[in-house]
Each structure stands twice: as structure tokens, then as C-alpha cells.
Amino acid sequence: MKQSVISIAVLAALSSIALSGKVYAAEAGASELSTSKDDAEVLTIMATRAPLPASSVPATITVIDGEEIRLQLSVANSLSDILGNLVPSFSPSRQKLTSSGETLRGRKPLYLIDGVPQSNPLRDGARAANTIDPLMIERVEIIHGASAIQGMGASGGIINIVTKSASGTSQEVNAGFSTQPTDVSDSLSYHAGYLWSHGEDDYEIMLGAHLRESGLYFDGEGNAIGVDTTQGDTMDSSSQDFFGKFVYRLNDEQEIRLMLNHYQLASNGDYITVTGDRAAGIPAISERGLLEGDPAENEITTASFELRDSDFLGGSLNWQLFSQDFSALYGGGTFATFQDPAYGTDIFDQSRNDSNKLGSRVTLNWQQVGDIPVDMTAGVDFLEDTTFQELAQTGRKWVPETSFENWAPYVQARYMNNGLTLSAGLRYEYGNLKVDDFTTLYSYNSTFVEGGDPSFNELLTNFGAVYNFNDQWRGFVSISEAFSMPDVGRVLRAIDQPDQDVDDFLNLQPVITDNHEVGVEYHGDNLNASLSYFESNSDLGARLSPNVDGIYIVNREKTEISGFELDTNYALNNDATIGLMYADTDGDFDSDEDGRVDTPLGGSNMTPRRLNLYWTQYWNGDINTRLQWNKLFDRNIYSGTQAINNFDGYDTLDFTMNIATNNAGDFTIGLENLLDEYYFTYYAQTAGNDARNFTGRGRTVSVNWRFQW
């Protein structure tokens, strides 16, 4: 198993720990979970922002390395698909461009690229999972559960995407195609990419480009799956990614790092959707036709500059400056929300989200302070986000231009001695929201809203304890808090009552999530296992629910979520490993505002029970395979007319084979949904409508090639 999983109890307020310059050892990321504690110790996670041995980190962490990503891409089309296959507490993928409804432990995760936030706190356009091509990814680090470790927005956890780095002088070519037997021509997808790296004593440089063309998807009964013309789709699309990274060592202690990534994905617009019928079990399908308006697209530029100094004020300094320019265009329609007599009748329009972020992260780490076994971390994070949402065809502002400044100083202490690690810290979050006077759309009663600049102050605390009983067993416990904003844009644009003032509007208050977790972990010669239980509560949550147009609104209600995760694998011999991953998460919200939760959270906010089984086999030095079975269990929480939103589970089987040759490179063959299972996606069943009653992909064959020299 090339996926390394370390399960520890989540200390979501590792909020203070600073970004480390360390990289994790190759042997930990290129083989299954180490069967000895000593091997596991070498794993250093950049998402934790400090050089900590794995055995001392009170967090549930999953690491998916580059080799595993490469193999999964033969049976997956996106990062969301990969996360769904390898992280059971992550929601089933929408298989679309949008990541709306995709949660981690029932709450939204914070996506990062090399520590740069991809999620948009002021107006969540649900595109954060599609901001970089997987070819540029070295590994993905997932911290499960509410955390303030990387700042605001991680109520469900952190998904840190670590980009590739230069290693000597090398070149790499990637190419491949996929198709479905139902319709080989229309389903044909292909891609090609190139990476060049060069390293000398004082500098390293890497440049890369990758292009993809994706065809149509077909389900297990041969239907052309409906294209999501509103939220956007990964099928029938084109994408380009251009990537660069530069490292320069000033001396033995100091170095600077530059990273730039530009990613664009746009629908081709060759298909329109034929609406289905949820009640009758008829799926929404695609047919060729002229798409009105402009096709949906993503365009994101992410940049960062880092200064690292290993000898600064007696400790190590990491100072990161970053920016992100995010623009997401959505498909349109003649929705009731878009209508206004001043513009005529049956108005067609579509929305665009624009967000610009600037930030700074200053971190200082001191080890063995005063020659005692105590490490200290201190620093300050700054984020400035300016966001608006417009109706692109008519130029109307749906969400007014909104700016947010966030300052967060922090301090953390860690005591490590004789197998015991105690960690505690404070993070102070100060946020200031600025909104000018604005008037909502006609469909919201053209309501005038007085602007304002409300500020928010929160002191977040954390405590964690880890105890290594011996070389094989350890236990852990954590108590922590996370800070996030409640999708300010959705809240502002939906105001339809007069005499509202931004300064006093309760729905703009931040979401504070309390996370408690306890767990145990075992590492033996052949068996590795971890089990953790967690509770995640918010007195003022942010539950999404659709209006008549299927456009989501934010409900500020008390929410309580709990669950457990199990991860285990067993080495049958040196060449074969079997594994099991299971997650059971459930949650409720307060529907009548009496201070007690009373109603189950639906599919827009909650994951189903999930079981992943796999078998990996190395047949000889040149061939290895993986067979994986993903099962989603039924979730029947509704009755009466709402029963249509219950979930009938399904299971899929995938197979991958990797063939390494001496002179021709590596070939990977994948069979996604090997048994051609016909199913409606989790989101379609639990939160969809007739127009989004989408089925999942049927059997898909892919062949990928990689050549390095």
C-alpha cells in the first residue's frame, strides 16, 4: 500500500505549529505503512507546520504519496475521486467540477497548495478541489477533524497539496488515454505532460506543463451522464496547468523558495442536459446541443515566496508570502433568482466568483528551550481576501465586493519525554469584515442593506496528549477548536428583509467548532491498525439547504457530529498486503432553535458509512496490482415525502496494474468500476433535483505511460 496512514487523535489546534522546511522520508511515502515504529518516526508532515516525529503528533493524518496518486489516476478522474477512494471519512465524489457537498468528517475541509489556502472564506464557490493538475502533486497530506493549524476554514480538516520539487537533473513525460466500451469515441479522454528539473549546489528549478481533454462519461447502463451545465463539469472539458518552482540557497542557513502555478479548466459546451425524474428513478442525461451562455470554467493562479533561516534568534524561521487569484464562471439558466422586470422576461444569466487573496505567515520554532525537553513555536498569520460575485451576462452584483482581514498570532508548547508528549497552545483570531451599502437582487425584494465593518475576536485553545506504551502501542487524546466564516456571500446575497445592518447581522458571526478525539494505534511486524473516535460540535453552525432553484442558502444552527474511523492493513508476506478502512459519521442540527439538536444532517452536509477494502500484490520486480472495493452503506433518515432523499448504497470495484520496463518507462492500466455497476451518486440521491439526478461512471478503461530520464 503506497498510501501511508498515521492515525493519532486530532489536536485541531496544532494551530500554532509553524510550517517546517523538512520533507518526509521517501521510504515512508513509497511503501505501505511502516511495520516498525522506527520507520514511522521518519515521517514529517508539512501540514503540521513543525518538524515533529509522527509518534508525537496528536492528529489523525493520512498521507497519499505521488506514486499512489499516479496509480489512482488510472481509476479516478480528480483529486476528489482519489480522496473518496483512500479516505473513507471523505464524502463520495460528485464526479463533477464542483466540490459542493464534499465534506471531511461532515464538515468542510481547508484546501492548501504548499500552505497557500485554496478555499475562499467569503464566498465558497466549491471549486477548491480543482485548482491544480495532479501531475504537479508530490503528495497530499490530510489532517482529519476541525483544526486551526493553518488558519481559518478547516472545520472538517486540512487537505494540504505538496507540489513536486527538483531532485538533480531529470526529465519526465506523461501521457495516456481512457475510454468506455459503451461509446469509445465520445468517451475518449487523453492527456500529456512534461516536467523538467535541474539542481546545482546553490539552486534547484522545476518547470512543468500538463494538458487534458476529457470526453463524455457513461453510466453502467450506457446512458450519457448528464452534464452539470450550472456548477460545471470535468467531463467534456479541456484543462491546462503550468507550474514552476525555484529554490536558491543563500548560505548554509538560509534559502528562498518561489512557486507559481496557473491552472485553467473549461467546459467545452458541446452538450446540454435532459432533465431526469428522481421519483421515477430516471437519470438526467446528456445530448448534443447548443449551450446557452458561456461554458463553466476555473482559472486560478497561485504564487508563494518563502524565506527559510535555520539560525534566527536561536531558532528556525519560516516566512511565507503568498497570493491567489481565483475566478470561477458557472453555467447559467433562467432561474427565478435571476429575474428582474427591468431587464425583461425569461432572463438568462450566469454567475462568476472572483476572489483575490494576499497573505503572510511568520513562524519561529525553538527546540529544547533552556536545555529541557520543551519545544516552542510562535508566529503570526495574516490574510486579506477581497471577493465579489456577479451575474456575468447583465453585470449585476449578486454578492457585493467584500473584504476581510484576518490576523492570528499564536504560541504553542510541546513537552516530550519518555514516550509522553503533551502539547498545548493558544491562537488569537482577529477578523474584520468590510461591506459597503448594497441592494440585493430583485428576487430578494431589492432590499437595501446598510454596510458595515464588523470585527470578530476569538481565542482558540488546544490540548493534546500522546503516550507510547511500547514500540507497538500508543494512545492519544485531544481537545481543540477551529475558526471559520459561514460563507459570507451566500448570507449577504439572500437578505430579503428591510432594515438590516451588516454590523449587527447575526448570520455573519464566525463558526467555532469544538473537536474532541481519542484513539489507539498499533504497529506490529505484519499488522498495523488504528482506531479513533471523535466529536465535533458548533453552537452556531453553517448548514446548507437548497431553495426552489436549487441555489443553496446558509442556515445558522447548532450542529453536533460524531463518528469513528478504523484503518488496518496486514502483510500476508513480503509481496502481498490486504487492508480495510472504515468510517461511520453521523450528525444532527437544531431545527427549532430550542438549543437541542433534533434532526439528522442530510447529504449536503454529511457522509454515509463507508468501507474500503484492498489487496496489493507485487508479482515480480516489474508488475504490481491493486484491487479495491468501495462500499457505501444505505442512509435512511427521512420518511414521508422526504423519503426521496434517503440513500440507497452502492459498491464499486476497481483494478490497477503497473508495469515497469527497463527502457520504455512505466505503464499503468486501470479498470474503474470493473463490474459496470449502475448507480445514482450519493449527492444525486440525497441532495439533488431532477436536473441533477446524475448516475455514476460505468466501466472505464485507462492506459497511462510515464518515462523518466
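**Salt bridges, cores and one glutamine**

Start with Arg-699: it is partly exposed, with a relative accessible area of 29%. On the terms: buried is under 20% relative accessible area, exposed is over 50%, and partly exposed is in between, with a 1.4 Å probe and protein chains only. This is a predicted model, where local features need pLDDT of at least 70, side-chain atom pairs count only at pLDDT 80 or more, and totals for chains, interfaces and linings use all residues. Residues are numbered from 1 along each chain as its sequence is written, and side-chain values use heavy atoms, with hydrogens and water left out.

What does Arg-699 meet in a salt bridge? The partner is Asp-676, at 4.0 Å, N to O. A salt bridge here is a side-chain nitrogen of Lys or Arg within 4 Å of a carboxyl oxygen of Asp or Glu. Arg-699 sits in the loop between α6 and β36, and Asp-676 in the loop between β35 and α6, so the pair ties together parts 23 residues apart in sequence. Helices (H or I, at least four residues) and strands (E, at least two) are DSSP runs, numbered from the N terminus. Asp-676 is partly exposed too, at 23%.

By this rule, the count is 33 salt bridges. Take Arg-427 and Asp-381, at 3.0 Å, N to O. Arg-427 is in strand β19 and Asp-381 in strand β17, 46 residues apart. Are they buried or exposed? Arg-427 is buried at 0% relative accessibility, and Asp-381 is buried at 6%. There is also a network of salt bridges, linking Glu-67, Arg-70, Asp-666 and Arg-706.

Now the nonpolar cores. A nonpolar core is a set of buried Ala, Val, Leu, Ile, Met, Phe, Trp, Tyr and Cys residues joined through side-chain atoms within 4.5 Å. The largest has 28 residues, and Ile-64, Leu-83, Tyr-111, Val-140 and Ile-142 have the most contacts inside it. Helix α4 gives the largest share, 4 residues. Apart from that core lies another, of 22 residues, among them Met-152 and Phe-322.

Last stop: Gln-628, in strand β33. Gln-628 is buried, with a relative accessible area of 3%. Its side chain makes a polar contact with the side chain of Gln-72, at 2.9 Å. Another, of 2.8 Å, joins Gln-628 and Arg-626. A polar contact is a pair of N or O atoms within 3.5 Å; within protein, one must be able to donate a hydrogen and the other to accept it, and residues adjacent in sequence count only if both atoms are side-chain atoms.
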